[in-house]
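Visitor: I have a structure to look through and a few questions in mind. Could you walk me through it, one point at a time?

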Amino acid sequence: MKNVIVPLNAFESSEVTTNGQSAFVKLIAEAGAFGIEIRRELLPAEDLQLDQIKSEIDRFGLFTVYSAPIECWQEDYQFNKEKLNTIFQEAAVLGANWLKVSLGHFQQDKSNIAELGEFLKEQKEIQLLVENDQTPYGGNVRHLQAFFESAVEQEVPVKMTFDAGNWYYSGQDVEDALKKLAPYVSYLHLKQVTKTLETIPLQPVGEQSWRKVMSSFPADIVKALEFPIVPKEKTKDYIQMITDMAREREELLS
């Protein structure tokens, strides 16, 4: 069962920005990952190096997610078409399968989700994912539920990235989020967050929310390791841990 993705922000940021994200593709592939998540905030501003990264990804045949710190809805509640269009163009150059962004300032009575639907008709090759971020508005369960319910009602093809740890940063209840948002989720970000709001490596034992989140979805759902992996050579161990847990759950349910 190969369904674990490694985001580039799992590694030390200065090493990633110095060496470039293409330098980590081989490590991630040889660790047994299904895919890679390229992080726009860690790309050089003057030259995104997308062609170079794509060439390396293609060499190893990895599934590709492009993550960009872009909000779908601006502070005035309007659709952020210009920035989203730019990010989709970059994702296309990269050869990304999925593009992950944040919700932003969506308000059901002020935002026109039909605009997103029309926009996505021109973006058929790349699946848009909206993630619960760490802000009080983009990581709000009620706002996210209203957005996805509207998307389903108007047949807007958008899915959710469910970040197991971001709910703590945005002051939301994980179980409430699972109850209301699980039907829309296609991608999990796994992380462990301490009471002092520090993201740390996953602990294999104990009743942690990431374990509850993972067990709330089918065993084959795509999962990302979004926590500090130090040293980076431990990537293989974490992938194996998550893969083994998913396989054990699948066997238990079969």
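Visitor: Which residues does leucine 116 touch, not counting residues up to four places away in sequence?
Guide: Happy to start there, keeping in mind that this is a predicted model. Leucine 116 belongs to the largest nonpolar core, which has 79 residues, and Leu116 and Phe147 touch the most other members. Leaving out residues up to four places away in sequence, its partners are Trp73, Phe79, Leu84, Leu128, Phe147 and Val156.

Visitor: Which helix gives the largest share of this core?
Guide: In soluble globular proteins, nonpolar side chains tend to be buried together. Here the largest share of the core is six residues, and they come from helix H6 (residues 141-153).

Visitor: Are H6 and H8 roughly parallel or roughly antiparallel to each other?
Guide: The axes of H6 and helix H8 (residues 174-181) come within 10 Å and cross at roughly 10°. Angles under 35 degrees count as roughly parallel. The two helices, H6 and H8, are therefore roughly parallel.

Visitor: How do the residues of the contact of H6 with H8 divide into nonpolar, polar and charged?
Guide: On the H6 side we find Val141, Leu144, Gln145 and Phe148, and they meet Asp176, Ala177, Lys180 and Leu181 in H8. That contact divides into five nonpolar, one polar and two charged residues.

Visitor: Where does proline 231 lie?
Guide: Most residues other than glycine have a negative phi, and most peptide bonds are trans. The bond from valine 230 to proline 231 is cis, with omega near -10°. Proline 231 lies in the loop between strand E10 (222-225) and H10.

Visitor: Is glutamine 49 buried or partly exposed?
Guide: Glutamine 49 has a positive phi of about 60° although it is not a glycine, and it lies in the loop between strand E2 (35-39) and helix H3 (50-60). Buried means under 20% relative accessible area. With a relative accessible area of 24%, glutamine 49 is partly exposed.

Key
Residues numbered from 1 in each chain as written. Predicted model: local features only at pLDDT ≥ 70, side-chain atom pairs only at ≥ 80, totals over all residues. Heavy atoms only, no water. Core = buried A, V, L, I, M, F, W, Y, C linked by side-chain atoms within 4.5 Å. Buried < 20%, exposed > 50% of the residue type's maximum accessible area, 1.4 Å probe, protein only. Helix = DSSP H or I, 4+ residues; strand = E, 2+ residues; numbered from the N terminus. Contact = heavy atoms within 4.5 Å. Axes fitted to C-alpha atoms, helices over the stretch in contact; angles between N-to-C directions. Parallel < 35°, antiparallel > 145°, perpendicular 65-115°, else oblique. Nonpolar A, V, L, I, M, F, W, Y, C, P; charged D, E, K, R; others polar.
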